[in-house]
Amino acid sequence: MKKTLITASALMVAVSGSVMAGTLDTVKERGAVQCGVTSGVPGFSVPDDKGNWKGIDVDMCRALAAAVLGDNTKVKYVPLTAKERFTALVSGEVDVLSRVTTWTQTRDTQLGINFAGVNYYDGQGFLVKKELGLKSVKELDGATVCVQSGTTTELNLSDYFRTHGLSFTPVVFDTNDQAASSFDSGRCDAFTTDLSQAAGLRTRMKDPSSVGALPEVISKEPLGPVVRQGDDQWFNIVKWTHNAMLNAEELGLTSANVDAKKAESKDPNVKRLLGLDGPKGKGLGLADDWAYQIVKQVGNYGESYERNLGSGSPLGLERGLNALWNQGGLQYGPPMR
Amino acid sequence: MSSDISNSGNTPQDNVPKGQLPPESKPKFWNDPRKRSLLFQILLLCGIGMVFYTIINNTLTNLDQRGITTGFDFISEKAGFGISMSLVEFTAESTYGWVFVIGLLNTILVAVLGIIGATILGFILGVARLSDNWLISKFSAVYIETFRNIPLLLQIFFWYFAVLRALPQPRQSIEFLGTFLNNRGFITPAPVAGEGFGLVVIALIVGILASWLTVRWAHKRQDESGKQFPILWTCVGLVVGLPLLAFFAAGMPISLDHPELKGFNFRGGLTIIPELIALWLALTIYTAAFIGETVRAGILAVSHGQTEAASALGLSKGRVLRFIVIPQAMRVIIPPLTSQYLNLTKNSSLATAIGYPDLVNVFAGTTLNQTGQAIEVIAMTMALYLTLSLLTSLFMNWYNAKMQLSER
């Protein structure tokens, strides 16, 4: 019996040890990137009618698979609720969390995770029924508000109402979808979440035109991909996957013209990005054409945005803060050299 | 346990009278079953200790390696979020420790309400299923077979999403005798205690004490003289009448806080949120089906000869049930009933699916996510459910022992 006990405890040590192995090696061995996504937020990550995942967060996962494995379809999507997400990431159930997650100090420093950039600058807003004729959040005194559990949204809501001397009753749900549909069916007077998600969820309501957003944006919500702490190589890969997409947009490289540019461009920036020159893939432990594969298979950041959130989608969101830095936005890709 | 082993494993030498044994025949320690069993138990204990040590040590090392904060410091940190329903004051300034208390109270509230509801409904169902009336017994059978075979989560969803969601908006509330029913819940006027209400409370306590003494005295008198005393009516008079008398004497010191439609919702009054109603209904209806079967089994376990013998003694039908059947049936009913109560309490954690702020929702859910300290939070939650369950079984075991046949 003692022997079995020792074997069992030895096994436990061994099992927990293997989780710490390099994520890149694990991904290559498995042949797929395991990507934690939402259980359904239009524009960010949602399965279409054929069961294919679509969205700007999904494109992040596809870009990673293109860079690491050379094939953007080699992604295994794991839908997670807000409550499950960090535990799933830290325990190694997913390799990366690309799931509308707000970058905050507590999360970055106390949960054993790292934020690898910001792929969407968002802010929290409120949806209400237009028939109530509300003009401002300050008129919501005494309202019942539907909100998703375990989010920064839940905390911002409480902060905002308290500082403005307003009272409210929260009704808290596990997923944003449940919160939105509960608002839709009249359980709450208002629904609060990040404005981009609100725009997406609004399209699913019974009568989207009867629902409007209040003008106030009550918080900063920088959303981005998240990785486990302690694996710098994988952290770099995720960070530079996003940066490559930003730089590709800045240099005018799209999935349509990347082959032509690769053949003829004399621009040293383009050559470095496409792996013909410069640092290539060595420092990241990837193939030299990793960024080329991203642009070719997934496209640049602007393409991904327009397809999922912008003019090419039912959401029709403006670029706003998410325009490139040289077009009045905040998206700024550090130089690839 | 060790004494059992040593008794059953007596060696032949132990039976030989002392002093007649040659000293060299003392067995080696591994041949002495007492010492051997002691050795094995020590080894087992060491093994278990080592497993726990390894698990805890391993966890702490791994948490540390991954840069995850550990410890219970978060309990005194400000929570900063709102909770839809709390039995005691809760603001966003309250701490995570207080969130734990709020969640605990909400869990206890729905569990207690559920236990009361399920017990009453379950006893009615169990008796009804044994009824001579064809319609009543078949109705009960259909009810039991339907509700105990549908998963509880689906029943909760049914009550919450299908039934309560279909209720009207606050402005179109269904009004009944000053109470309102809408999709925000059930709103009733709240009683507010005024000056002199303390007198009523004192009267109630006195009434309860007096009836307890009366019951004791009446039992003693009946044992001694065989004379009966109208216990029930005396107790009702004492427990209800005395406080009522005090209530009127003090000048009716209760006012009602009537709910009023102001802005979005009703202000004032008492609001019972639809999440609580849905969860309570589902838990009651589901568990009652099981309790019904337990009660039926208990009644059937009392042999028919007992009833006949009691009737032969000239006891009325009601007394046969009260003094002969139920006391014996209870001995069979209580142990499985305890399990149902425990199940109900644990099943109340499904609250999180519909947003009722129970312990799992506000503590193992929101708090876990805001602090990220999964291990501490889950350990505290599990320890609490364990404590609740142990307390329930302790109480039920005491009750069981009280109801057992007292042998003379």
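Chain A has a mean pLDDT of 89, with 94% of its residues at 70 or more. This is a predicted model in which local features need pLDDT of at least 70 and side-chain atom pairs count only at pLDDT 80 or more, while totals for chains, interfaces and linings use all residues. Residues are numbered from 1 along each chain as its sequence is written, and chains are lettered from A and ligands numbered from 1 in the order in which they are written.

Next, select residues 1-19 of chain A, where pLDDT stays under 50. Two residues are in contact if their C-beta atoms, placed from the backbone, lie within 7 Å; the model has 16 contacts beyond four places in sequence for this stretch. Where pLDDT is low, the predicted coordinates should not be read in detail.

Now show both chains: 38 residues of chain B are in contact with 40 residues of chain A. On the chain B side, α3 (33-65), β7 (265-267) and α12 (359-371) each supply at least two residues. Helices (H or I, at least four residues) and strands (E, at least two) are DSSP runs, numbered from the N terminus. The largest share of that side, 9 residues, comes from α3(B).

Last, select Ala118(B), in helix α4 (residues 96-129) of chain B. Is Ala118(B) buried or exposed? Ala118(B) counts as buried because it has 27 C-beta neighbours inside 10 Å; the cut-offs are 20 or more for buried, 12 or fewer for exposed, and partly exposed in between, with C-beta atoms placed from the backbone. Leaving out residues up to four places away in sequence, Ala118(B) touches residues including Leu283(B), Ile291(B) and Leu344(B).

Conventions
pLDDT = per-residue confidence, 0-100.
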